[in-house]
Amino acid sequence: MSDEEDIILSELNDEDLVAQMMDDLYDGMKEEIEESVQILLERGWEPYNILTEPLVGGMTIVGKDFRDGILFVPEVLLAANAMKGGMAILKPLLVETGAPRMGKMVIGTVKGDIHDIGKNLVSMMMEGAGFEVVDLGINNDVEAYLAALGTEEPDILGMSALLTTTMPYMKVVIDTLAEKGLRDDYIVLVGGAPLNEEFGKAIGADAYCRDAAVAVETAKSFVARKHNQGVAKA
Amino acid sequence: MTGNARPQPDMVNAPMTNALSRLLETRDWLMADGATGTNLFNMGLGAGDPPELWNVDHPDRIKTLYGYAVNAGSDIFLTNTFGGNASRLKLHDAQSRVRELNRVGAELGREVADAAGRTVVVAGSVGPTGDIFAPMGPMTHELAVEIFHEQAEGLKEGGADVLWLETISAPEEYKAAAAAFALADMPWCGTMSFDTAGRTMMGVTSAQMVEMVESLPNPPLAYGANCGVGASDLLRTVLGFAAAGSERPIISKGNAGIPKYHDGHIHYDGTPELMAEYAVLARDCGATIIGGCCGTMPEHLEAMHEALTTRPRGPRPTLDEVTTKLGGFSSASDGTGEDDGPKRERRGRRTRG
């Protein structure tokens, strides 16, 4: 504890502190992240910039290393938990300051599927990336998805299935959206161990996401595209 | 080789009183079974319905399932109890039926095995709880031991020869199951699922699993890998086990290829010929107990049995030979050997007060 290399977070300049926060996120150090967020707020940082630079920036590195097989689920869960600590401080301030939203996602495993570790990981990583996530839990039928889409008005619908027997239900949901003329209102992302890109295309999803990190990257790029379209139309 | 210095636990020196140990004494390879879920879905199991309820509701279908393996020549089959722990059954509000469903699942197995006319091992299947361990999740060692112990007692009561832990990702869960099986005083086998860049979802490499297995106070009779990505990845993992130097028998239970979607249905793309090739290669890689997992139907098992019986052993294949015969790996590295996987170059870790 009394090592002379000890770091006093509040003595770091902004640049070093941001770099340190990204390392701390990587190491899943929640208390340090919370302390650093407070320090940056005291230094007059905009909540939105704290979110995007050290936090989302740090989680992007975590996501890449998860995708590349350098980090595994336990480390990612710890990092997401540290991120959550920082987010809890920032969330009310972000609302107050009217900061731009990253986007909102409704997610759940499909009817008949009770396997939710993958879905939970996606939720945590999406929150880590600054998205608002409404988690419907397991075993959702078309009606449950439709009801949530109606009340939550998300940008993204995420569906997850672990079983080869429940995968086809994703198509039922997408077909129903299409029938009701709602399909183009949402970015539909699908994932789950037995799925692949070919399957995602076959059922009419916007994209198949191999893992939680890919889900975040895909969500970001689709939301950005959607925003650009909005600007173009306006 | 550090593996030679492993502790010699009591179970190893104890008399070989179970059917699996006796078979392992006399045979240099054994065939396990294939898919449970895939076969039950073909018999009409609904998506999301717990297969374990069929032990009581449709015992004839479960005996048919066990019979598939026995008729194809399997020496070992797993009971229909994979999700039969309180944590999984709770999702179907059947957590009060753990003991019953496991007991009956094993009893049906006993009937089929005893009518086979040769030694067939009834292995009581135990799958993961599905919960993440503390501090990141709700599961604790004590709770997991309790959950697995309850299931183990049901399987024991029904007459299972051994318990068979499978598709595990977390080392904590493997250890908790081992502790529970010690409480039930049952011999056991245990496999993990290596589906993430050659490691388990929780990051365990094949070498790390061997180290963990050999450090257990009641190690399994055999250990290994099941499910995962494809036949090639599974054999890379088996080669990793063999390289770690333990003499303990290795289990290889791979999926019959990769699931594909056609016209609203899912099927696995691995042919019986491919699975036959996989079985022979698995034995050459060092596996003693060889079977299939998801998508492995009776016709696959028959082809595997035929190949294991008629084809000679070969030298241990190289990774290149595995990919030439079975297809490429899902990741460049599996975290073992000299190239122990990619790493992030980071600034020196700083400590803080």
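In this predicted model, B:Thr167 sits in strand β4 of chain B. Its phi is positive, about 60°, although B:Thr167 is not a glycine. Is B:Thr167 buried or exposed? B:Thr167 is buried, because 21 other C-beta atoms lie within 10 Å and the cut-off is 20 or more.

B:Asp185 also has a positive phi, near 55°, and is a residue other than glycine. B:Asp185 lies in the loop between α9 and β5 of chain B, just after α9(B). B:Asp185 counts as exposed, because it has 10 C-beta neighbours inside 10 Å and the cut-off is 12 or fewer.

One peptide bond in chain B deserves a look too. The bond from B:Ala134 to B:Pro135 is cis, with omega near 10°. B:Pro135 is placed in the loop between β3 and α8 of chain B.

| Site | Angle | Location |
|---|---|---|
| B:Thr167 | phi about 60° | strand β4 of chain B |
| B:Ala134 to B:Pro135 | omega near 10° | B:Pro135: loop between β3 and α8 of chain B |

**Helix α9 of chain B**

Helix α9 of chain B covers residues 171–183, 13 residues in total. From first C-alpha to last, α9(B) reaches 19 Å. That is close to the 18 Å expected at 1.5 Å a residue.

Which residues of α9(B) are buried? They are B:Glu173, B:Tyr174, B:Lys175, B:Ala176, B:Ala177, B:Ala178, B:Ala180 and B:Phe181. Both strands and helices of chain B cover them. The strands include β3 (121–126), β4 (162–168) and β5 (188–192). The helices include α8 (141–157) and α10 (206–215). Strand β4, one of these covering elements, is also the strand that holds B:Thr167.

**Chain B as a whole**

Chain B has 14 helices and 10 strands. Of its 353 residues, 53% are buried. Take the contacts in chain B with a separation of 6 or more: residues 24 or more positions apart account for 80% of them.

**Chain A**

Chain A contains nine helices and five strands. From the N terminus, the order is α-α-α-α-β-α-β-α-β-α-β-α-β-α. The radius of gyration of chain A is 19 Å, close to the 17 Å that the globule rule gives for 234 residues, so chain A is as compact as a globular protein of that length. Along the principal axes, its C-alpha atoms fill a box of roughly 65 × 40 × 25 Å.

Buried residues account for 48% of the 234 residues in chain A. Among its contacts between residues at least 6 apart in sequence, 75% join residues at least 24 apart.

**The nonpolar core**

The largest nonpolar core has 174 residues. Which residues have the most contacts inside it? They are A:Leu25, A:Met125 and A:Met170. Helix α4 of chain A (residues 73–96) gives the most to this core, with 10 residues.

A:Leu25 shows what such packing involves. Leaving aside residues up to four places away in sequence, A:Leu25 touches A:Ile33, A:Leu55, A:Gly58, A:Met59, A:Val62, A:Ala79, A:Ala82 and A:Met83.

**Confidence in chain A**

Chain A averages a pLDDT of 89. In this chain, 95% of the residues score at least 70. Confidence is highest in helix α2 of chain A (residues 30–42), at 97. Confidence is lowest in helix α9 of chain A (residues 212–233), at a mean of 82. Where pLDDT is low, the predicted coordinates should not be read in detail.

Terms used. Residues numbered from 1 in each chain as written. Chains lettered and ligands numbered in written order. Predicted model: local features only at pLDDT ≥ 70, side-chain atom pairs only at ≥ 80, totals over all residues. Helix = DSSP H or I, 4+ residues; strand = E, 2+ residues; numbered from the N terminus. Rg over C-alpha atoms; globule rule 2.2 N^0.38 Å. Contact = placed C-beta atoms within 7 Å. Core = buried A, V, L, I, M, F, W, Y, C linked by C-beta atoms within 7 Å. pLDDT = per-residue confidence, 0-100. Expected span 1.5 Å × (residues − 1).
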